[in-house]
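These are my notebook entries on one structure, set down in the order in which I looked things up.

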Amino acid sequence: MIVVEDLHKHFGGFHAVDGASLEIAEGTITGLIGPNGAGKTTLFNVIAGVLQPTSGRVTMGGEDITGLPPHALFAKGLLRTFQIAHEFSSMTVRENLMMVPGDQSGETLWNAWFRRAAVAEQERELAKKADEVLEFLTIDHLADEKAGNLSGGQKKLLELGRTMMVDARIVFLDEVGAGVNRTLLNTIGDAILRLNKERGYTFCMIEHDMDFIGRLCDPVICMAEGRVLAQGSIDEIKGNEQVIEAYLGT
Ligand code: ADP
């Protein structure tokens, strides 16, 4: 579904992504791991159109999408989750979900693409969809809660929920499990698995929690120093000597 070929992203003389090549197959939940500074987030940001690559190519279903801005990728069903922006924290959870994509081209951040739906009918439809999303995520009891009052894990569920308001095909998740308690982590994991199995979402997720990755991801790709070091099942990755060395070296 997504093919990344010899991707480079340099910041001045520093090569954050240094010739990364990888594939994300349709229908998978692909894990992306690697020591801090490996270039995972930079790679995500390049694929998702937040950063322009220095060189290299990204294709989606054979179509060249290299360097397309986020709103163009969004229209193709490629999304990445973003933290709930501060200015949305005084809105309720349902209202946050009801922000619909705007059409301002040139905007780069997710949060800038959403505007309040103006038409009453559209608003009712959106509210219905938002409630379905909240039920799916088992947080319907939080619909009228202010987003700013949610726990870290609940916010992550809301971030995931936003991707369900549109027809996503592939979703990039950046550490959805970070700082989340076990119970909510299970809820998030269940939601990801169900979105994958029932709605055909493909996922690519950066994650550090190996148990969480083991439960969800196949394959797992390990990056180090801006490149792909190894790819395989979680057990293959855990037993890979280069991977072990990369982690020990940090
Ligand atoms: P990871 O997500 O694997 O921890 P990152 O992609 O965040 O790695 O970072 C890779 C390297 O690139 C790090 O050394 C980081 O300091 C550097 N880096 C990331 N963004 C920038 C930037 N905007 N300017 C300069 N260096 C950056």
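This is a predicted model: local features need pLDDT of at least 70, side-chain atom pairs count only at pLDDT 80 or more; totals for chains, interfaces and linings use all residues.

Entry 1, E175. I began with E175, which counts as partly exposed because it has 16 C-beta neighbours inside 10 Å. The scale I used calls a residue buried if 20 or more other C-beta atoms lie within 10 Å of its own, exposed if 12 or fewer, and partly exposed in between, with C-beta atoms placed from the backbone. I located E175 in the loop between β9 and α6 (182-199). Its phi is positive, about 50 degrees, although E175 is not a glycine. For element names I kept to DSSP runs numbered from the N terminus: helices are H or I runs of at least four residues, and strands are E runs of at least two.

Residues are numbered from 1 along each chain as its sequence is written.

D6 lies in strand β1. With 13 other C-beta atoms within 10 Å, D6 is partly exposed.

Entry 4, the sheet with β1. In what order do the four strands of the open sheet run? I read the order as β2-β1-β4-β5, with antiparallel pairing; two strands pair if DSSP finds at least two bridges between them. The edge strands are β2 and β5 (63-64), each of which pairs on one side only. α1 packs on this sheet and touches β1, β2 and β4 (55-60), and its direction makes about 115 degrees with that of β1. Such angles run from 0 to 180 degrees between N-to-C directions, the axes being lines fitted to C-alpha atoms, for helices over the stretch in contact. I took contact to mean C-beta atoms, placed from the backbone, within 7 Å.

Strand β1 (residues 2-11) is joined to the antiparallel β2 by eight bridges. I found H10 opposite H15 in β2, and D18 in β2 as the bridge partner of H8. Two residues separate β1 and β2 in this hairpin, and G12 in the turn has a positive phi of about 60 degrees.

Which residues surround the ligand? I listed F11, F14, A16, G34, N36, G37, A38, G39, K40, T41 and T42, where near means a C-beta atom, placed from the backbone, within 6 Å. β2 (14-24) and α1 (40-47) each supply at least two residues of this shell, and α1 gives the largest share, three residues. By class the shell has four nonpolar, six polar and one charged residues. In that count Ala, Val, Leu, Ile, Met, Phe, Trp, Tyr, Cys and Pro are nonpolar, Asp, Glu, Lys and Arg are charged, and the others, Gly among them, are polar.

Is strand β10 (residues 202-206) enclosed or open? All five of its five residues are buried, so β10 is largely enclosed by the rest of the structure. T202, C204 and I206 point one way from β10, and F203 and M205 the other way. β3 (residues 29-33) runs parallel to β10 and is joined to it by four bridges; β9 (residues 170-174) is also parallel to β10, with five bridges. I206 in β10 is the bridge partner of L32 and of D174.

In the largest nonpolar core, of 71 residues, I47, M205 and C222 touch the most other members. Such a core is a set of buried Ala, Val, Leu, Ile, Met, Phe, Trp, Tyr and Cys residues joined through C-beta atoms within 7 Å. Leaving aside neighbours within four places in sequence, C222 contacts I33, G34, L229, A230, I237 and V243.

I237 is found in helix α8 (residues 234-238) and counts as buried because it has 24 C-beta neighbours inside 10 Å. Q242, in helix α9 (residues 241-248), counts as exposed, with 12 C-beta neighbours inside 10 Å. Not counting residues up to four places away in sequence, Q242 touches L229 and A230.

P219 lies in the loop between α7 (210-216) and β11 (220-224).

Technical notes: Two residues are in contact if their C-beta atoms, placed from the backbone, lie within 7 Å.
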